[in-house]
Amino acid sequence: MKKVYCPNCYSEFENQTDICSCGYPFSGNDMDKYKFMSQRIKKLKTVKEGIESADYARFVLFIIGGINLLVSIIFLMSAQYTTIHIVTIIYSISLIGLGFLSFKEPFFSLLLGFIVLIIIYIVTGLIDPKLLMSGLIMKVIIISGFVYGLAKIKMAENVIKREQKK
Ligand SMILES: [Zn+2]
């Protein structure tokens with residue numbers, strides 16, 4: 001008896017089967033097989049893009065959190081600090097913490113990090129509109145990058161969830 005291997009998930013079958021548990025259409029024609037495999041590649045690409053987006057968003061949280069934390073600590077040590085520096089320390093630590101949490105819960109943590117960033121921008125804008133305008137292009141790039149990245153992460157999580165149900 002000739003054993004059959006699934007070219008997609010490498011499952012082993014004793015006999016020729018119609019369809020693999022992963023969905024690979026053994027009994028289908030070449031076009032069915034081609035369609036199935038190209039779907040697989042699309043899904044893998046979606047997952048890969050999700051991972052890359054999470055890496056980018058996490059990096060941004062670490063950088064923004066890290067720089068602000070460092071600057072505030074320097075002010076704190078020089079005893080020239082104000083309430084703003086204390087608040088900055090708190091949100092910087094939250095951003096860094098959410099960055100670490102995103103290794104476990106990417107979408108949820110990075111969405112929270114994104115919300116914290118938006119709140120910071122709004123609050124600084126209310127305190128001093130000039131602060132909001134400084135580095136505005138950078139802020140727009142960060143925010144749009146986050147929105148795009150979060151969408152990619154959600155798509156990847158959906159693909160993974162659907163795969164796990166099978
Ligand atoms: Zn299979």
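The buried residues of helix α5 are covered by elements that include α1 (30–77) and α3 (106–127). In this predicted model, those buried residues are Phe146, Gly149, Leu150, Lys152, Ile153 and Ala156. Two of them, Leu150 and Ile153, are also among the residues with the most contacts inside the largest nonpolar core.

**Helix α5**
- Helix α5 runs from residue 136 to residue 165 and contains 30 residues. From first to last C-alpha it reaches 43 Å, close to the 44 Å expected at 1.5 Å a residue.

**Nonpolar core**
- The largest nonpolar core comprises 15 residues. Besides Leu150 and Ile153, the residues with the most contacts inside it are Ala57, Leu61, Leu110 and Phe114.
- At least two residues of this core are supplied by each of α1, α2 (83–101), α3 and α5.
- Helix α1 provides the largest share of the core, with 5 residues.

**Helix α1**
- The 48 residues of α1 should span 70 Å at 1.5 Å a residue, and the end C-alpha atoms are 70 Å apart, which agrees.
- Buried positions in α1 are Gly50, Ser53, Ala54, Ala57, Arg58, Val60, Leu61, Ile64, Gly65 and Ser72.
- These buried residues of α1 pack against α2, α3 and α5.

**Packing of α1 with α5**
- The axes of α1 and α5 are 7 Å apart, and the two helices pack at an angle of about 140 degrees. Helices α1 and α5 are therefore oblique to each other.
- The α1–α5 crossing is left-handed.
- On the α1 side, the residues that meet α5 include Gly50, Ser53, Ala54, Ala57 and Val60. On the α5 side, the residues that meet α1 include Phe146, Gly149, Lys152, Ile153 and Ala156.

**Packing of α1 with α2**
- Helices α1 and α2 pack with their axes 8 Å apart, at an angle of about 150 degrees. The two helices are therefore roughly antiparallel to each other.
- The crossing of α1 with α2 is likewise left-handed.
- From α1, the residues that meet α2 include Arg58, Leu61, Ile64, Gly65 and Ser72. Their counterparts in α2 include His85, Thr88, Ile89, Ser92 and Ile93.

**Loop residues**
- Pro25 lies in the loop between β2 (12–13) and α1. Pro25 counts as partly exposed because it has 16 C-beta neighbours inside 10 Å.
- Contacts of Pro25, leaving aside residues up to four places away in sequence, are with Ile19, Asp32, Lys33 and Phe36.
- Pro25 and Ile153 are separated by 128 residues in sequence and by 29 Å in space, C-alpha to C-alpha.
- Tyr10 lies in the loop between β1 (4–5) and β2. With 9 C-beta neighbours inside 10 Å, Tyr10 counts as exposed.
- Most residues other than glycine have a negative phi. Tyr10, although not a glycine, has a positive phi of about 65 degrees.

Definitions and conventions: Residues are numbered from 1 along each chain as its sequence is written. This is a predicted model: local features need pLDDT of at least 70, side-chain atom pairs count only at pLDDT 80 or more; totals for chains, interfaces and linings use all residues. Helices (H or I, at least four residues) and strands (E, at least two) are DSSP runs, numbered from the N terminus. The expected span of a helix is 1.5 Å times one less than its number of residues. A residue is buried if 20 or more other C-beta atoms lie within 10 Å of its own, exposed if 12 or fewer, and partly exposed in between; C-beta atoms are placed from the backbone. Two residues are in contact if their C-beta atoms, placed from the backbone, lie within 7 Å. A nonpolar core is a set of buried Ala, Val, Leu, Ile, Met, Phe, Trp, Tyr and Cys residues joined through C-beta atoms within 7 Å. Axes are lines fitted to C-alpha atoms, for helices over the stretch in contact, and angles run from 0 to 180 degrees between N-to-C directions. Angles under 35 degrees count as roughly parallel, over 145 as roughly antiparallel, 65 to 115 as roughly perpendicular and the rest as oblique. A crossing is left-handed if the near helix is turned anticlockwise from the far one by less than a right angle, and right-handed if clockwise.
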